[in-house]
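Dear colleague,

Please find the structure below, handed over for your own study. I would ask you to keep it open while you read the notes that come after it.

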Amino acid sequence: LAIVNSQLVGEYVAADDRVRVLAITLKAWAKARGINDRSRGTLSSFALTLMLIHYLQREQRLLPSLQDLAVGRGEPLREVLGVDCRFCTDRDVIAAEVARLRSEAESAAPAAAEMSRLAGSLLFGFFRYFG
């Protein structure tokens with residue numbers, strides 16, 4: 001399951017360069033505050049990355065759900081330990097969906113779309129979103 005999780009995160013990183021930069025920044029921030037040690041009951045780097053992906057999907061609408069894309073395209077079940085772990089890995093399909101999301105954002109709120117291009121603005125928004 002860990003391998004599939006890493007592959008999934010890798011696809012999100014490939015979809016938008018800001019994911020890597022933001023995830024590394026969040027990990028450094030959490031480590032500096034002593035809250036990035038799963039063995040001590042705090043957040044793992046994977047958990048922080050999932051929180052970031054959630055924020056970029058739901059709040060910013062910059063990333064698609066790769067799992068939903070796979071299901072929507074009728075990709076076959078990829079079961080690991082009884083869990084459906086399928087997700088879209090077709091980079092062209094992912095890029096087209098990212099472009100569609102960006103176009104929708106720019107049409108709806110051009111100023112907000114411009115701000116969402118800046119990694120610093122996204123990081124600030126992440127902290128506001130998760131309080």
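The notes below go from the whole chain to single residues.

This is a predicted model, in which local features need pLDDT of at least 70 and side-chain atom pairs count only at pLDDT 80 or more, while totals for chains, interfaces and linings use all residues. Residues are numbered from 1 along each chain as its sequence is written, and side-chain values use heavy atoms, with hydrogens and water left out.

**The whole chain**

The protein chain holds seven helices and two strands. Both kinds of element are DSSP runs numbered from the N terminus: helices are H or I with at least four residues, and strands are E with at least two. In sequence order the pattern is α-α-α-α-β-β-α-α-α. The radius of gyration, taken over C-alpha atoms, is compared here with a globule rule of 2.2 Å times the number of residues to the power 0.38. For the protein chain the radius is 16 Å, close to the 14 Å that the rule gives for 131 residues, so the chain is as compact as a globular protein of that length. Along the principal axes, its C-alpha atoms fill a box of roughly 45 × 40 × 20 Å.

A residue is called buried when its relative accessible area is under 20%, exposed when it is over 50%, and partly exposed in between (1.4 Å probe, protein chains only). A contact means heavy atoms within 4.5 Å. Among contacts with a separation of 6 or more, 59% join residues 24 or more positions apart.

**The core and helix α1**

A nonpolar core is a set of buried Ala, Val, Leu, Ile, Met, Phe, Trp, Tyr and Cys residues joined through side-chain atoms within 4.5 Å. The largest one has 27 residues, and those touching the most other members are Tyr12, Val19, Leu52, Leu56, Leu63, Leu66 and Ile94. Two or more residues come from each of α1 (2-15), α2 (17-32), α3, α4, α5 (91-108) and α7 (119-130). Which element gives the most to this core? It is α1, with five residues.

Helix α1 has 14 residues and spans 20 Å from its first C-alpha to its last, close to the 20 Å expected at 1.5 Å a residue; the expected span is 1.5 Å times one less than the number of residues. Its buried residues are Val4, Leu8, Val9, Glu11, Tyr12 and Val13, and they pack against α2, α3, α4, β1 (79-80) and α5.

Glutamine 57 lies in helix α3 (residues 45-59) and counts as buried because its relative accessibility is 11%. A polar atom of its side chain lies 2.9 Å from the backbone oxygen of proline 64. Beyond its neighbours within four places in sequence, glutamine 57 is in contact with Tyr12, Leu63, Pro64, Ser65 and Leu66.

Leucine 69 belongs to helix α4 (residues 66-72) and is buried, at 15% relative accessibility. Outside four places in sequence, leucine 69 is in contact with Pro64, Cys88, Ile94 and Glu97. Leucine 69 and cysteine 88 stand 19 residues apart in sequence, yet their C-alpha atoms are 5.8 Å apart.

**The cysteines**

How many disulfides are there? With a disulfide taken as a pair of cysteine sulfur atoms within 2.5 Å, the count is zero. Cysteine 85 is in none, and the nearest cysteine sulfur, that of cysteine 88, is 15 Å away. Cysteine 85 is buried at 10% relative accessibility, and cysteine 88 is buried at 0%.

**Two positive phi angles**

Most residues other than glycine have a negative phi. Arginine 61, in the loop between α3 and α4, has a positive phi near 55 degrees and is partly exposed, with a relative accessible area of 41%. Leucine 81 also has a positive phi near 55 degrees. Leucine 81 lies in the loop between β1 and β2 (83-84), and it counts as exposed because its relative accessibility is 75%.

Yours sincerely

Conventions:
A polar contact is a pair of N or O atoms within 3.5 Å; within protein, one must be able to donate a hydrogen and the other to accept it, and residues adjacent in sequence count only if both atoms are side-chain atoms.
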